[in-house]
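Student: I have a structure to read, and I would like to go through its features one at a time, with the general idea stated before each case.

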Amino acid sequence: MDVGRDVTLLEATRRALVDAMEASERVVLLGQDVGRLGGVFRATEGLLERFPGRVFDTPLAEGGIVGASVGLAIGGLVPVAEIQFAGFLHQAFHQITQQLARYRFRSRGRFHLPVTIRAPYGGGLRMPEFHPDSLEAQLANVPGLKVFAPAFPDDAYALLREAVRDPDPVLFLEPQRLYRSVRGPLHLDDTGSSAARLRREGDDVLLVSWGPAVHTCLTAAQELETGHGVQAAVLDLRRLSPIDDRGLCEAAAARRRVVVVHEGVRTAGLGAEVVARLQEALADTISLPILRVAAPDTPYPPGRLEDHFLPSTGKVVAAALRAVHGR
Amino acid sequence: MTATRDWAREWAEGDGQPLQLLGHDGRILRPEVARPPDDLVREGLRLMLLSRAIDERCTNLQRQGRLGLYAPVLGQEAAVVGSHLAIDPAVDWLVPASREQPAMLRHGWPLDRMLALMLGRFEAARIPDDVRMLPRQQSIGSQLPHAVGIAWSASIERRDDVTLAYCGDGATSEGDFHEACNLAGVMQVPLVLVVINNQYAISTPIAKQTRAARLADRARGYGFPGVAVDGNDLLAVHEVTSQAVERARSGQGPTMIEAVTYRLGFHNTSDNPSLYREPAEVARAEELDPVARVVAYAETQGLVDAAAVEAQVLEARAEVATALERALTYPTPGPDDVFRHVSAEEDQRASE
Ligand SMILES: Cc1ncc(C[n+]2csc(CCOP(=O)(O)OP(=O)(O)O)c2C)c(N)n1
């Protein structure tokens, strides 16, 4: 895979895993079907052959995968675990919230857990129940756990390298509908930061998003420009916990109108956190209309119904116009 | 039909091989075991052929882009049908995993409704109110504690329904499996748990799922009987399940049945099994085809002949075609359906 050439997000993810495993012999991969099959999305294709003895097919047990990763890390390894679909993180939640995220705190720093958990998520692929759920709000609510959510190949690479290098646990959310549909240049940059990143310039309104919804925002921004003469900037949060307050507030203060867009459900969604942080940081200086476009408070619906559930370009455009012009 | 023996004990005392009543050529191996009534065999064969016709049609529809993901039953028909034939759909509960189509049909879910689900017409696919069956479960193993709860409720209320639950070999690794089995044993609930060991969980072979020689061995640790049966042998599966149902109904508690079979097809329509298993292995498994075996048995018993089987295959296909036409007349969902059934207050739309 040539550096500089356009690659898919999936290829960038795989390359990050390869490079992380080359960089440190302590990095091991584990998860359901990650070995011989190379993962249900083929993210780990070829890695078993390339790194024999360091890639493990596990039994079908998410709690065990995460719980064992805790032990592997204590035993000196750097586990990168895959949960086949983020919707099944719930089967591992007691291990994530009560154990993985708290070990450093509980042991007063005696143990720290350099564990990365990769999990595909997000809608648009007509997946069965649970497979498309966006659980980032539930994960960002766990102290001690970092949450990364790339939306582009270069970020998939850079953020995954950063996650594996991090001395503490990182939940790494991979946008499944972008795996093969988004291409971009690959920079083997593993020194960058996980700060929020402006993916499009624009003076009138700021669209804040992460993961697959970033692309919804980019399309909406295009439409706002051509159809309405509105210049929308798009901020990709990239790291959902801890949120990059500075990057977020600077970008918002410069535009003074904000729309937060996400695929997770509205109530207690991560958008609420973004709104609250902006209010807290900027309340004394500017008054700022902030709107949300999120999934409604229903279970993720099956089949074609997801088109009515996911934030659409139209909904983002409407919200942006409202933020700019008022009702 | 009354079961003749204590199969779990017989199995435990044997050589560990799954119990078998029919040879691969359909010959009777154990003449001393009472045979099921002819009508039951005919019904079993009909359901197995219907299952194949559904697999065939749904796979084609998926390939044409007219249907979402499909997970075939192919190869597992005797395990599913043989076990379900042991319960009474009017009385007993069915708790499926996600690959038990013929059991769900026999339990009372009309075929056109099942196809409606595959076609994304969700309202029409609703399980009828008088059918005692849970919906398919996509979260592996999560249905098992529910099955224990249903069976437990029968004990508490002194009802005489039995709960028949299914899961795959992969599901036995989940925490829910352990918690369900343990509770079922402690409460001595009227549960029959059929573990369909089709050798694979997507690409993961059973050897990577467990080091135990047989999944059925686990039952002993939970304090109830377990028995491994040849899952491609309709008669054997039916026989051991009948006995387990009898035990459950008479208050003697749960039984675990491991139906040893093989997933002849792909995991689902987006899977490519050639990446993880050898064609020779699949070819060997195809020789043990459960449909061929029951056909051979039925032929030697004079229940059917080759022409009748051929006619039944065509009938099954026609039945699927008719049901499919019906299914296509049901309404496709609209935006409002996202908000329906979220809670009892139907009109209080979830905020958008
Ligand atoms: C809790 C959970 N984890 C992972 C998955 C993804 N997944 C779907 S089917 C499957 C394998 C299931 O294997 P098994 O229980 O043996 O049943 P089979 O599919 O062979 O019938 C997996 C891992 C899931 N649906 N649920």
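Student: How many aromatic pairs are there over all chains?

Tutor: This is a predicted model, in which local features need pLDDT of at least 70 and side-chain atom pairs count only at pLDDT 80 or more, while totals for chains, interfaces and linings use all residues. Residues are numbered from 1 along each chain as its sequence is written, chains are lettered from A and ligands numbered from 1 in the order in which they are written, and side-chain values use heavy atoms, with hydrogens and water left out. Rings of Phe, Tyr and Trp (its six-membered ring) pair if their centres lie within 6.5 Å, and the planes count as stacked under 30 degrees apart, as edge-to-face over 60, and as tilted for the rest. By this rule the count over all chains comes to nine aromatic pairs. One of them joins A:Phe88 and A:Phe130, whose ring centres are 6.1 Å apart and whose planes stand at 65 degrees, so the pair is edge-to-face.

Student: Which parts of chain A does the pair of A:Phe88 and A:Phe130 tie together?

Tutor: Helices (H or I, at least four residues) and strands (E, at least two) are DSSP runs, numbered from the N terminus. A:Phe88 lies in the loop between strand E4 (78–82) and helix H4 (93–99), and A:Phe130 in the loop between strand E5 (116–121) and helix H6 (136–140), so the pair ties together parts of chain A that are 42 residues apart in sequence. Ring pairs also link A:Phe41, A:Phe85, A:Phe88, A:Phe130 and A:Tyr179 into a cluster.

Student: Is A:Phe88 buried or exposed?

Tutor: Buried means under 20% relative accessible area, exposed over 50%, and partly exposed in between, with a 1.4 Å probe and protein chains only. A:Phe88, at 9% relative accessibility, counts as buried, whereas A:Phe130, at 24%, counts as partly exposed.

Student: What is the phi of A:Phe130?

Tutor: Most residues other than glycine have a negative phi, and most peptide bonds are trans. Phi of A:Phe130 is near 75 degrees, a positive value in a residue other than glycine. A:Ala268 is not a glycine either, and has a positive phi of about 60 degrees; this residue lies in the loop between strand E13 (258–265) and helix H10 (270–282) of chain A and, at 62% relative accessibility, counts as exposed. As for peptide bonds, the one from A:Ser241 to A:Pro242 is cis, with omega near -10 degrees.

Student: How many disulfides are there over all chains?

Tutor: A disulfide is a pair of cysteine sulfur atoms within 2.5 Å, and by this rule the count over all chains comes to zero. A:Cys249 is in no disulfide, the nearest cysteine sulfur, that of A:Cys217, being 18 Å away. In chain B, the sulfur of B:Cys181 is 7.4 Å from the closest cysteine sulfur, in B:Cys167, which is too far for a bond.

Student: Where does the ligand lie?

Tutor: The ligand lies between chains A and B. If a residue is called near when one of its heavy atoms lies within 4 Å, 20 residues surround the ligand, the closest being A:Glu62, B:Arg99, B:Gln138, B:Gly170 and B:Tyr200. A polar contact is a pair of N or O atoms within 3.5 Å; within protein, one must be able to donate a hydrogen and the other to accept it, and residues adjacent in sequence count only if both atoms are side-chain atoms. An oxygen atom of the ligand is 3.2 Å from an N or O atom in the side chain of B:Asp169, and an oxygen atom of the ligand is 3.0 Å from a polar backbone atom of B:Ala171.
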